[in-house]
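Keep the structure open as you read.

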Amino acid sequence: MGSFRLDIEYDGSGFVGWARQPGQRTVQSELEVALETVLRERVELTVAGRTDAGVHAWGQVASFETVADVPGDLVRRLNGVTADDVAVIAAAPAPAGFDARGDAVSRSYCYRLLSRRPSSPFERGRALWWPHWIDREGLDACAAALLGRHDFTAFTPTQTDHVRFERDILAASWREEGDEILAFRITADAFMRNMVRILVGTQLEVASGRRTLDSFKQLLHGASRPEAGETAPPHGLYLESVSYS
């Protein structure tokens, strides 16, 4: 039996998320069917970060175990049987017992805002159109406040399976990408469901003058979910990369 790693990217628009669901189109099921077609063996993928419906990935990582003979051109063969909105970028043997989720030491996400008028047909479904005034200093101050360890109870749904709500934020920033895109990037040891999207929605309240910076900072001490802002739409969010030791 051997361990393998897949590096994957996908447009989440046509999926109900990563995780396999009966009767639904998911990234996991799409790739597992492709692997079974190529390897002639059923395999189960373990993923670094489960993405929700509509969320994209540039640098998703998955692992699997197999007793099959894995062809050297696995990437080409998998991409030959998957749809155009998901692609395997790399496939390689991994250390014995490699677990894409359990062995990850950090994950990075990017949320993209389109800050121009009018909305771009090319960015539709890939960035949140935000034609409103933005207090850039406010956004930068919010990002700076995130660094370090905090209790993010306010930034995940109240009904949750999470038992630990503290997360270590290793990096967080807002940056312009050209004249049109404003991107929020964040790296942490782990994330909770909807955490990045609620962080973005709440920071935009600060940026639009509907919430004070101090109010935002108070949320990082374990406030309840209703005290934070709205959940930003999924189509602006990307799993950017996963790091391993």
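Find helix α3, which covers residues 136–146; its buried residues are G138, L139, C142, A143, A145 and L146. Now look down the axis of α3: these buried residues fall within an arc of 160°, so they line one face of the helix. Bear in mind that you're looking at a predicted model.

What do the buried residues of α3 pack against? On the strand side, their partners are β7 (148–151), β8 (166–177) and β9 (181–188). They also pack against two helices, α4 (195–207) and α5 (213–218).

Now zoom out. The chain holds 5 helices and 10 strands. Its radius of gyration is 19 Å, close to the 18 Å that the globule rule gives for 245 residues, so the chain is as compact as a globular protein of that length.

How is the chain put together inside? Among contacts with a separation of 6 or more, 70% are between residues 24 or more positions apart. As for burial, 49% of the 245 residues count as buried, meaning under 20% relative accessible area.

The accessible surface of the chain comes to about 11900 Å², and carbon and sulfur atoms account for 48% of that.

Key
Residues are numbered from 1 along each chain as its sequence is written. This is a predicted model: local features need pLDDT of at least 70, side-chain atom pairs count only at pLDDT 80 or more; totals for chains, interfaces and linings use all residues. Side-chain values use heavy atoms; hydrogens and water are left out. Helices (H or I, at least four residues) and strands (E, at least two) are DSSP runs, numbered from the N terminus. The radius of gyration is taken over C-alpha atoms; the globule rule is 2.2 Å times the number of residues to the power 0.38. Buried means under 20% relative accessible area, exposed over 50%, partly exposed in between (1.4 Å probe, protein chains only). Contact means heavy atoms within 4.5 Å. Accessible areas come from the Shrake-Rupley method with a 1.4 Å probe; for residues, only the protein chains shown count as cover. The arc is that of the directions from the helix axis to the C-beta atoms.
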